[in-house]
Amino acid sequence: TIYSSAFLVMMVPHSIITVSLATAILPRLSARAAEGDRRGLAHTLAGTLRAALAVVIPFAALMPIIATDVANVVWGHGAAADAFTRYAPSLTLFGAGLVFFTVHYLMLRGFYALEETRTVFFIQCAVSLTNIVAAIVLVARTDAEDTSPALVLAYTAAYAVGSAVAGRLADLHG
């Protein structure tokens, strides 16, 4: 419950900023891909990535400072009132995960524009494998109360790998 609830809160900036930007650039990415203009596609994608990160990075940096207050506002009443502070560590850690997820998400839009869905599949396999292995290792080393933060670290590791692999493959594809 803590992990999934904190995840939903962290997806708000992603949904508003990154998804909106990705939706707006898809026609340009597709046009550049259809023209064979990989440099133009990369330029468009890089500009969009900078714009998204200009909002996401400050949000991620601010989250450790405001996580307890956010948890209090969202869960500090009703049945969860006594346990709202347990949400703060997961919210704090999701900040870094959101940055990597943003990079990963936008990088994949470039591969989709190029119709390189097989590449996307293999990147997603790396993300999933990393998430599974990291989750098993991290959760095995923690108690029940710290399971959610351990899963957030696994999520962050998975999308760090996804971002790195997507970036490396984009470099190889020119």
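**A friendly note on the helices and core of this model**

1. Helices here are DSSP runs of H or I with at least four residues, numbered from the N terminus. Please keep in mind that this is a predicted model, in which local features need pLDDT of at least 70 and side-chain atom pairs count only at pLDDT 80 or more, while totals for chains, interfaces and linings use all residues. Residues are numbered from 1 along each chain as its sequence is written, and side-chain values use heavy atoms, with hydrogens and water left out.

2. Most residues other than glycine have a negative phi.

3. Helix 3 itself deserves a look. Its 26 residues should span 38 Å at 1.5 Å a residue, and its end C-alpha atoms are 38 Å apart, which agrees; the expected span is 1.5 Å times one less than the number of residues. Helix 3 also bends by about 30 degrees at G95, the bend being the angle between axes fitted to the seven residues ending there and the seven starting there. Because 20 of its 26 residues are buried, helix 3 is largely enclosed by the rest of the structure.

4. Next, the largest nonpolar core has 44 residues, and W75, L91 and L106 have the most contacts inside it. Such a core is a set of buried Ala, Val, Leu, Ile, Met, Phe, Trp, Tyr and Cys residues joined through side-chain atoms within 4.5 Å. Helices 1, 2, 3, 4 and 5 (147-173) each supply at least two residues of this core, and helix 3 gives the most, with 13 residues.

5. Which residues does S5 touch, leaving out those up to four places away in sequence? They are W75 and Y87, where contact means heavy atoms within 4.5 Å. S5 is found in helix 1 (residues 2-35) and counts as buried at 18% relative accessibility. Beyond S5, the contacts of W75 include A6, V9, F84 and L91.

6. Finally, I66 sits in helix 2 (residues 38-75) and counts as partly exposed at 24% relative accessibility. The C-alpha atoms of I66 and A88 are separated by 8.5 Å, with the two residues 22 apart along the chain.

Terms used
Buried < 20%, exposed > 50% of the residue type's maximum accessible area, 1.4 Å probe, protein only.
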